Amino acid sequence: METESRANTSLIVEAQPTEPGSRRVNVKRMLRLRLRAMAAAFLVLAVPGLLVVWRKVPLEYTATADVRFLAAAPRVLHDSDGGQLPATYDKFLNTQVNLITGGAVLSRVLEDPEVQGLACIRRQADPLAFLRSHVEAKVRQNSELVTITCTLPDRDEAKLIVEKSLAVYMSYALGEEADAGGERLRVLLRERDDRQAELDTLLARSSELQRELGVPMASAEQLGVKDTETYREILARAEEDAARAQTRIATAEEEVKRLAKIKEEQATGSSSAIFAFGIEDEVAEDPRVTTLRQDLVQAEASFARASQRYADGSPQLEVEREDLSSLRGKVSQTERAVREDVVSSMLARSTEALAAAREQAADAARRQETFEQLVEKQHKRAMDASRTLAELDELKLRTEETRNVLRTLREQATSIGVESNAPARVKVASPTTVPLAPEAGRRLQLILLTLLSSAAAALGVGFLRELTDQQVRSAKDVVDVTNKPVLAAIPHTSVADAKEPEVLATLAADHPESAAANEFRNILSRLAFANDDAIAEINSCLVTSPTQGDGKTTVACNLAIALAAANRNVLLVDISPAGHVERHFGLEPARGLTEVLSGGYAFRDVVRPTVYRGLCVLGPGFNVEQLAPKLASRELTQLLEEAEQLFDHVIIDAPPSLLLSDAKLLAPVVDGVLLVVGAGVSTLGMVRRCVAELERLDSHILGVVINAIRPSAGGYLQKNLELFNTYHAGERRRTIDRELPKIQVLDVEPDEVADTVEPILQDTARK
């Protein structure tokens, strides 16, 4: 527990931890750790490649000869009709270069018996392709010279091929090709004129079709589309009007038929009520019927009063009855007359509606017929335009094809004109020459290419290895990803003094002179002498790791042993479910932390001493599955406070932080956290994430301990271990060899001793 409050003097920024699976390449780390592998890959690739290049690529000789093309008095080239052909001097030179390296010259070179007898020619399945790949001709810049070269391993063969190529070209250029050029040129010019006439015909037909089309080709595809759509819309509305008119006609005919039948029934004298078509409603609303019905109601009321006043058969009652009967007959006659008038009126209206519906149907039919003709006309026009466009497209393709053929014919005619009418003043500027010493240019190029490709492959191996292997290898790796101090770097058992795995947990006691024990004492200095403004003294320390196999339990046990050896009372608490601490100290599993937190036992009753003076152990107990839920309880806080009062230091061995939450529950309530990272076990991402999670909990990370570290390329671990072992071995030998002085004990009183030491201390202070 913290004996003093932490000074809140710095702002802790919570950084998002990087997931363990993320991959980032540190070039310096890659060179430090992968340099051997990269060098091995480079040698594996480079050495065989260099041997192959050295054996398969021989030294070569390059034979050269120069031909000069005089441009002082070039002839003007003409076709057969007297028209001038474009033939520049540059074109002439390029044509000659192609001629020298082409099949026309090289095939004649191969006909020479001396060339056929060459060993390099006899070995080839295709001698002409071989010559084309080795014989070159280049125009020297800003000169009239063309250099012919041939590069071969044999000096005499290269010289002979250049000499024969030069002789064949001079004969070819000044003789046969010039004579045959005139006839070829005439044939090409005749073909050119025919193609030109065909092109003119195609262009004229295209212009005629465009005039017939009447619109630009860009909008020809949309010809009549807008008008056709408008006509179709009007036609659709006409069809809808015709359908609605037919519906109204059918309805009107039905009404006329029924009303005519009702009128016939009335003509036969029927006076019954007619409720169809709302006839009775109109009869009831007629003023004549309304007035008579009101009079009838009054008469019926008067008759009812008379029936109460007079006896049956009295004259007054009979008069009232006759008046009522007469009024009823009059109402019936009036209703009948009004009903006949209503039926006649409805029949007339229905007849008029029928006539109007028939007129609308006839009008819709006329519009439908008109716009059907318009739509058909526009469709035909669009079809004609499509056919015209198709023909124009075909003419366009034929025109382009004819243009290409015509262009090729013109180029061939120009080339022949250059060849047959070129300047005749061609002479050999320098004879064939071959250097006495071979050239190693191509071999050196391939050697350099092999070295570069091998280096690139080796670099790729380093990058791939660095991407796939992100495990912690050195203290610098931890510093780069966490910015936390590395308190100790414990060497692996393969390079340390202790070889047996069973003694690793007690190595600080069994081998106190070893380099690993010295590293544990380095950790002890951080706990025993905090020298921290935030914490006055480290009483409780939590030891955890990112993942399983980092060796945190070994570090915790050795740290506790080192503290106990320094005459400090130490309690080693094991909260891991496996309970490795008790087995490392030779103790059988017993009651422990779980039983104390459950309230069944007192803290003093379960703490057990070890064989090491001042070191006690508190195991997890029996019911370890009940321990995790109680790690955040107040009982645990009280237990730690009591332990700190009884012991100088409390070391807690916690499970891995990234696997279980136990370490994160205890980290905020202890004085410091010691993070153990196993070299070759935890990755850089795991360490970064573990530190970020602990910092987010506001825990005090004392530093990082790298466990089981191995020597790496460019590192100092192996050298430091050798120096350490050499120094200790030398000190032991010097201690044995020299005679130690005898210590004399003064037989004086204590006061006299004090009087004797005090002046010495004062004199030392003054100095």
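**Helices on the sheet**

I started with helix H15 (residues 475-482), which lies across E5 and strand E12 (701-709) and runs at about 145° to E12. Helices (H or I, at least four residues) and strands (E, at least two) are DSSP runs, numbered from the N terminus. Angles run from 0 to 180 degrees between N-to-C directions, with axes fitted to C-alpha atoms, for helices over the stretch in contact. Contact means heavy atoms within 4.5 Å. Next I looked up helix H24 (residues 684-696): H24 lies across strand E11 (672-678) and E12, at about 170° to E11.

I noted that this is a predicted model, where local features need pLDDT of at least 70 and side-chain atom pairs pLDDT 80 or more, while totals for chains, interfaces and linings use all residues. Residues are numbered from 1 along each chain as its sequence is written, and side-chain values use heavy atoms, leaving out hydrogens and water.

**The sheet**

What order do the eight strands take? I read E5-E12-E11-E6-E10-E7-E9-E8, an open sheet with mixed pairing (strands pair if DSSP finds at least two bridges between them). E5 (486-491) and E8 (608-609) are at the edges with a single partner strand each, so one side of each has no neighbour in the sheet. E8 runs antiparallel to E9 (residues 615-618), joined by two bridges, and Arg608 sits opposite Val617 in E9.

**A look at Leu542**

Leaving aside neighbours within four places in sequence, I found Leu542 in contact with residues including Ile652, Ala663, Leu666 and Leu674.
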